[in-house]
Amino acid sequence: MLTVTDKASEVIKDFLKDKKPGVSIRVFLNMGCSGPSLGMALDENRREADEVISVDLTTFVIEKDLLNRVKPINIDFITTPQGAGFKLTSSLPEGQGCGSCSCH
């Protein structure tokens with residue numbers, strides 16, 4: 001299951017309005033110094049192993065195996081004192097961080 005908040009949907013649609021028709025948003029597993037997390041990127045290449053999900057006229061793709069491991073996924077758009085951006089939450093355990101990288 002994939003849910004997208006109204007605010008996130010609005011920001012995504014605004015971003016996609018100038019893009020080529022048929023482009024999708026890929027949800028993927030990102031491995032960083034704080035452990036695994038979910039990320040998003042534009043994608044024009046669907047694969048056989050992908051699950052295609054349409055939410056509010058936006059197409060999302062995610063590998064079926066990954067979706068089964070981390071669902072449910074929620075996509076939100078938040079604003080904090082540090083800035084604004086998308087926040088993806090799922091059943092993926094929160095990263096603990098190694099404390100030794102300089103990727104902040």
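I began with helix α1, residues 6-16, and looked up its buried residues: A8, S9, I12 and L16. Seen down the axis of α1, these buried residues fall within an arc of 100°, so they line one face of the helix. I noted the general rule behind this. An α-helix has 3.6 residues a turn, so residues three or four places apart point the same way. I then turned to the other side of α1, where D6 and E10 are exposed. The model I am reading is predicted.

Next I asked what the buried residues of α1 pack against. I found six strands listed by name: β1 (2-4), β2 (24-32), β3 (35-43), β5 (58-63), β6 (73-80) and β7 (83-89).

**S9**

I picked S9, which sits in helix α1. Is S9 buried or exposed? Its relative accessible area is 7%. Buried means under 20%, so S9 counts as buried. I checked its side chain for a polar partner and found the side chain of D56, at 2.8 Å. Setting aside neighbours within four places in sequence, I found S9 in contact with V4 and D56.

**L2**

I moved to strand β1, where L2 has its place. L2 has 12% relative accessibility and counts as buried. Leaving out neighbours within four places in sequence, L2 is in contact with I53, V55, F60, I73 and I75. I looked at the pair L2 and F60 in particular. They are 58 residues apart in sequence, and their C-alpha atoms are 8.9 Å apart in space.

**The largest nonpolar core**

I looked up the largest nonpolar core, which has 21 residues. Which of them touch the most other members? They are V27, L38, F60, I73 and I75. The elements that give two or more residues to this core are β1, α1, β2, β4 (50-55), β5, α2 (64-70) and β6. In soluble globular proteins, nonpolar side chains tend to be buried together.

Not counting residues up to four places away in sequence, V27 touches L38, G39, M40, F60, V61, I62, L66, I73, I75 and L88.

**The second largest pocket**

α1 and β5 each supply at least two residues of the lining.

Conventions:
Residues numbered from 1 in each chain as written. Predicted model: local features only at pLDDT ≥ 70, side-chain atom pairs only at ≥ 80, totals over all residues. Heavy atoms only, no water. Buried < 20%, exposed > 50% of the residue type's maximum accessible area, 1.4 Å probe, protein only. Helix = DSSP H or I, 4+ residues; strand = E, 2+ residues; numbered from the N terminus. Arc of directions from axis to C-beta. Contact = heavy atoms within 4.5 Å. Polar contact = N/O pair within 3.5 Å; in protein donor to acceptor, adjacent residues only side chain to side chain. Core = buried A, V, L, I, M, F, W, Y, C linked by side-chain atoms within 4.5 Å.
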